[in-house]
Amino acid sequence: MALIELEDVRRTFTVRARTGRFSREKREVRAVDGLSFTVEAGECVGYIGPNGAGKSTTIKMLTGILVPSGGRLRVAGVDPARERVALARRIGVVFGQRTTLWWDLPLRDSFELARRIYRIPDRRYRENLGRCVELLDLDGLLDTPVRQLSLGQRMRGDLAAALLHDPQVLYLDEPTIGLDVVSKGRVREFLREVNRERGTTVLLTTHDLTDIEQLCGRVMVIDHGRVVYDGGLDGLHEAGESERTLVVDLAESRPAIEVPGARVVKVEGPRQWLAFPARESAAPIVAAVAARYPLVDLSVREPAIEDVIARMYAEVAIG
Amino acid sequence: MAEPLTGTLAEPLVEHLAEPLTEPLGARTRWAVRSWWLCAGMWMRSTMAYRASFALTLGASLVTHSLDFVVLVLMFRHTDQLGGWTLPELAFLYATATFALGIANLLVGSVDGLGARIVNGTLDTMLIRPAPALSQLCAERFSLRRLGRPIQALAVLVWSLATLDVTWTWDRVLLVPALLVCGCVIFGAIYVGGATVQFWWGEAKEIQNSVTYGGATLLHYPPTIFAKELVAGVVFGVPLAFVNWLPALHILGRPDPLGLPTAFQYASPLAAALCVAVAGLAWRAGLRAYRGTGS
Amino acid sequence: MPNAPGLYAAVARGAFRRYSTYRAATLAGTFTNTVFGIILASSFLALWQARPNLGGYDQSQAVTYIWVSQALLVTVAVWGGGFQDDVQDRFRSGDIAIDLYRPVDFQGWWLATDLGRAAFQLLVRGTVPLLVGALVFRTRMPEQPVTWAVFLLSVLLAVVVSFGLRFLVSITGFWLHDSEGVRSVMLVVSMFFSGMLLPIALFPGPLGELAHVLPWAALVQAPTDVFLERRTGTGLLGPLGFQLVWAVVLLLAGRAAQLLATRKVVVQGG
């Protein structure tokens, strides 16, 4: 069953720019320009693209906040623009950078409000809350005011609040932004669980490629309001030859080191950045560095999604 | 974390799909009020988290708002009448206008934060909840500390009613509560209608202040001291005169400086209903424009 | 401190420019001042019709009193605000502790921004209501040109006194969890004792005597007295001297509070 359907969806904005001290100019901007795709129930889709590509405009149309300028749009069987409130009961939304929890009140109170606003039947509420508390490890936090929670704890609270009413679709906007590695892992594990266990359809926008790698079987890249890539993550890596970065801290400052299979892209005191193809394993390169130079510390950085996409465009332009 | 699933949770909640998509107006209004009540309750408990500050600001708000009346009293130390009206009569005007503004401000005043919510994007988080955005917006930062204004207004009203030299016929008696309720509704509608302008012009909040706070200040004084054009403006333009001036003319047995038909002195409920209708339509139009259906 | 006067002048200019970018807000605020001016001037007119020459003001002076006070309301920040909102933001973000250690003096910096703000507010929110008032009502403008210059000096002193008061309120934020409460109490006192609502000459007996010596009289009462030429020649030294004394006392008090705050931050390690 197709849960999200878009057919040639367009959205234009009129932007008024100041051109002089008193003169203004009206300009039409196409934020979304002929978008068509379908998401089946139970899918987990990464929706990515550079800033200003039309991601948030799409999400706003899918949630019924914005009305499309043209085209056809259906989510969970309803037209979001016309049935915004009815749709609200069937979707969950989490903004990574904006909590919907009540700042000065215990976490539990935010959940209680959700119960009433979404009119969740009592039994269903107890079961869902119990399950979320268990999976997200919120047990000791329910009576803590939200302002005293860490960023990671707050995000877990937001996720729980968005799922108490059993939404069919879950929109996530940067759910792991600013979190430490442990918290990121926990959030991803939970989302995987929700997607598998309840068959909740997940649409995820993020700048963190690892989110996509670990959660999404399908990626859509959007740019200038159009889908420029729709497929598996592997295909994306192939489409744009991406590189990972190995950051090494040597015992002392030295000129750019030489390691087969990698090239030094930056040197800063004893720290050096080595780029290598994303599909290669980091292990032989680490071994090679360790064998030749005294090594203090190292870390591997995943390619930024922008880099991957940027490379993809470069490829498209050349090919 | 990965333990076997319980059967009930894996099924999607299908009852939602059976729900009618559009509900009748009565049910929608009840739901809007209930949403407001739920959100306001959350805000009230939030502000209670800072008790000391709460007590101090409630006290300060009581005194601040009393000051306007103190000024009137000080004026009457130098004269027996202002524009032909006595102090108890002015106190009646002051109390009714202040009460109406105070209650409207308590219940829906926060709607004037709309412009800021559009700019920082939090209006969107309200639109994705199944509760009306207007209810959520009006309940925003709800706090009982705003009771300072209506409480002191009631105190002044009691003093005024006890001191006024009026023959209390039944229609005059009935007009007092009617005037209080209609006044709250009119100011409430002005808050909502005025805030709606912020959908198009984000900085309109201050203009709205001049209608609400300025309007209430205007209504503290008798209509006789103002230019006739101004009085006509608040009868036929922004219908502030229906908050207290027109019914007060009847209650206090004063001639109408504009010489309008007496029907106007009973017309506050009609004016209030009209204000609500206009504000409601304006809100709808504003929200449509924001979502992009309008223009 | 490298080239301090130049630096503070730049800070003040920056604040002036910043406020000048809030065009719509300024426009709307000016409108509000004008609306209130019309309402209050009408009420004063009615009062002075009943009691001509009340408090030593004739009718046109009384009406002008309202318009000058509306012009001063935001310029002198009788309500509070201006730099106070910025300081409050810095308390919320925790940056305030860093501010105390900047090479620029904390008090001096905020005074400079407030003077820049006041200059802009006077230019727009000061002049427009005064002009409208002069057009719609029978007002009394200064007869001697020099009065305008003395008035500007008096407004400058009023802004400094107002800054001194607001600085003391804001700095309580170092000790109180939330200085909102203090601010709202201050607003009440300030609106009443500045003469914003009623000329102090109309206050009864001891209340009037008290109001005459409190610092808030320097905010509105003193500049309006200058504007209405109730004091001329050497008589001007009265209100101006009064303002100057309070300005110095309050700035020194603010300086002392700042030292205490710095010490507190040092003890807590920022």
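Q: On what basis are the residues, chains and values given?

A: Residues are numbered from 1 along each chain as its sequence is written, while chains are lettered from A and ligands numbered from 1 in the order in which they are written. The model is predicted, and local features need pLDDT of at least 70, side-chain atom pairs count only at pLDDT 80 or more, and totals for chains, interfaces and linings use all residues; side-chain values use heavy atoms, with hydrogens and water left out.

Q: How many cavities of 30 Å³ or more are there?

A: Rolling a probe the size of a water molecule over the atoms shows where empty space is left. On a 1 Å grid over the protein atoms alone, a cavity is a set of points where a 1.4 Å probe fits but cannot get out, and its lining residues have an atom within 4 Å of a point. Grid points are joined across faces, edges and corners, and a volume is the space filled by probe spheres set on the points. In this structure the count is 4 cavities of 30 Å³ or more.

Q: Which residues lie nearest the centre of the largest cavity?

A: The largest cavity has a volume of about 250 Å³. Its lining has 17 residues, and those nearest the centre are A:Thr100, A:Ala114, A:Tyr118, A:Ala161 and B:Arg129. Two or more lining residues come from each of β5 (91-95), α3 (107-117) and α5 (151-163) of chain A; helices (H or I, at least four residues) and strands (E, at least two) are DSSP runs, numbered from the N terminus. The most, 4 residues, come from α3(A). By class the lining has 11 nonpolar, 4 polar and 2 charged residues, where Ala, Val, Leu, Ile, Met, Phe, Trp, Tyr, Cys and Pro count as nonpolar, Asp, Glu, Lys and Arg as charged, and the others, Gly among them, as polar.

Q: What lines the second largest cavity?

A: The volume of the second largest cavity is about 40 Å³. Among its lining residues are B:Trp245, B:Leu246 and B:Asp256. The helix α13(B) gives the largest share, 3 residues, and the classes are 8 nonpolar, no polar and 1 charged.

Q: How many salt bridges does the whole structure hold?

A: Side chains of opposite charge can pair when their charged atoms come close. A salt bridge is a side-chain nitrogen of Lys or Arg within 4 Å of a carboxyl oxygen of Asp or Glu. Over all chains, 39 salt bridges are found. One of them joins C:Asp86 and C:Arg18 at 3.2 Å, N to O. This pair links distant parts of the chain, with C:Asp86 in helix α4 and C:Arg18 in helix α1, 68 residues apart. A:Lys184, A:Arg188, A:Asp208 and A:Asp211 form a network of salt bridges.

Q: What area do chain B and chain A bury between them?

A: The size of an interface is often given as the accessible area lost when the parts come together. Buried area is the accessible area (1.4 Å probe) that two parts lose on being put together, summed over both. Chain B and chain A bury about 4,500 Å², 59% of it on carbon and sulfur atoms. The contact (heavy atoms within 4.5 Å) takes 42 residues from chain B and 50 residues from chain A. Between these chains there are 2 salt bridges, and A:Asp109 pairs with B:Arg45 in a salt bridge at 2.6 Å between the closest N and O atoms.

Note on methods:
1 Å grid on protein atoms, 1.4 Å probe; cavity = no way out; pocket = protein on both sides within 12 Å on 5 of 7 lines; lining within 4 Å.
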